[in-house]
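Student: New model on screen. Walk me through it, please.

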Amino acid sequence: MSRGFEVLLCGGPAPHEQRLAQEIQSLAQSSLHNLVGQTNLKQLLALIEQASLVLAPDTGPLHMATTVGTPALGLYAHHNPERTGPYRDRQFVVSVYLPLVEAQNQKSLDELPWRTRLKDDQAMSTITVEQVKSQLNHILSHYNLG
């Protein structure tokens with residue numbers, strides 16, 4: 001799905017983030033710029049402010065994008081996006097939280113405490129490429145990007 005975007009990988013300096021970025025780069029079908037571990041928060045915010053779109057899990061950069069008005073596509077598994085989602089772009093999240101948290105607790109979401117967190121180290125891996133592509137198409141269309 002080539003749209004001609006320049007893709008920047010951002011993250012902290014931790015070894016696991018460095019490894020993940022290298023893995024993403026090796027699997028990518030086009031060139032990516034790996035900035036993982038190379039930006040401080042002010043620099044990251046400046047990059048996010050200039051970006052056309054931020055795609056990220058429920059982390060600081062996703063919420064930073066919201067604060068500067070950059071469209072944000074959030075990936076959610078551990079937290080309820082209705083509670084912690086990017087408030088301007090909640091309709092564009094990809095979430096596996098609901099079915100996983102209900103299965104883990106054997107209760108409906110309505111029966112669980114408001115801040116129930118999913119405890120599953122593999123939860124994010126249940127998000128599919130197809131789910132992300134679908135929401136990416138929606139958010140790009142909504143904001144007339146690409």
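Tutor: A definition to begin: a crossing is right-handed if the near helix is turned clockwise from the far one by less than a right angle, and left-handed if anticlockwise. This is a predicted model, where local features need pLDDT of at least 70, side-chain atom pairs count only at pLDDT 80 or more, and totals for chains, interfaces and linings use all residues. Residues are numbered from 1 along each chain as its sequence is written, and side-chain values use heavy atoms, without hydrogens and water.

Student: Which hand does the crossing of helix 2 and helix 3 have?

Tutor: Right-handed. Helices (H or I, at least four residues) and strands (E, at least two) are DSSP runs, numbered from the N terminus.

Student: At what angle do helix 2 and helix 3 pack?

Tutor: About 55 degrees, with the axes 9 Å apart. Helix 2 covers residues 41-50. Axes are lines fitted to C-alpha atoms, for helices over the stretch in contact, and angles run from 0 to 180 degrees between N-to-C directions. So helix 2 is oblique to helix 3 (under 35 degrees is roughly parallel, over 145 roughly antiparallel, 65 to 115 roughly perpendicular, the rest oblique).

Student: Which residues make the contact?

Tutor: From helix 2, Leu41, Leu44, Leu45, Ile48 and Glu49. Helix 3 brings Pro61, Met64, Ala65 and Val68. Contact means heavy atoms within 4.5 Å.

Student: And Ala65, buried or exposed?

Tutor: Buried, because its relative accessibility is 0%. The cut-offs are under 20% relative accessible area for buried, over 50% for exposed and partly exposed in between (1.4 Å probe, protein chains only). Leu62, Met64 and Thr66 of helix 3 are buried too.

Student: What do the buried residues of helix 3 pack against?

Tutor: Helix 2, strand 3 and strand 4. Ala65 itself touches Ile48, Val54, Thr70 and Ala72, leaving aside neighbours within four places in sequence. Val93 is 28 residues from Ala65 in sequence and 14 Å away, C-alpha to C-alpha.

Student: What follows helix 3?

Tutor: Gly69, with a positive phi near 80 degrees.

Student: How many bridges join strand 3 to strand 4?

Tutor: Four. Strand 4 spans residues 72-76. Leu55 has Leu73 as its bridge partner, and Pro57 stands opposite Leu75.

Student: Which residues of strand 3 are on the covered face?

Tutor: Val54 and Ala56. Leu55 and Pro57 are on the uncovered one.

Student: Different topic. Where is His78 found?

Tutor: In the loop between strand 4 and helix 4 (81-84). His78 is buried because its relative accessible area is 16%. Its contacts beyond four places in sequence are Tyr97, Thr116, Arg117, Leu118, Asp120, Ala123 and Met124.

Student: Back to backbone angles. What is the phi of Gln106?

Tutor: About 55 degrees, positive although Gln106 is not a glycine. Gln106 is in the loop between helix 5 (97-105) and helix 6 (129-142). At 68% relative accessibility, Gln106 counts as exposed.

Student: What about the phi of Asn144?

Tutor: Near 55 degrees, also positive without being a glycine. Asn144 sits in the segment after helix 6. Asn144 is exposed, at 72% relative accessible area.

Definitions and conventions. Pairing = 2+ DSSP bridges.
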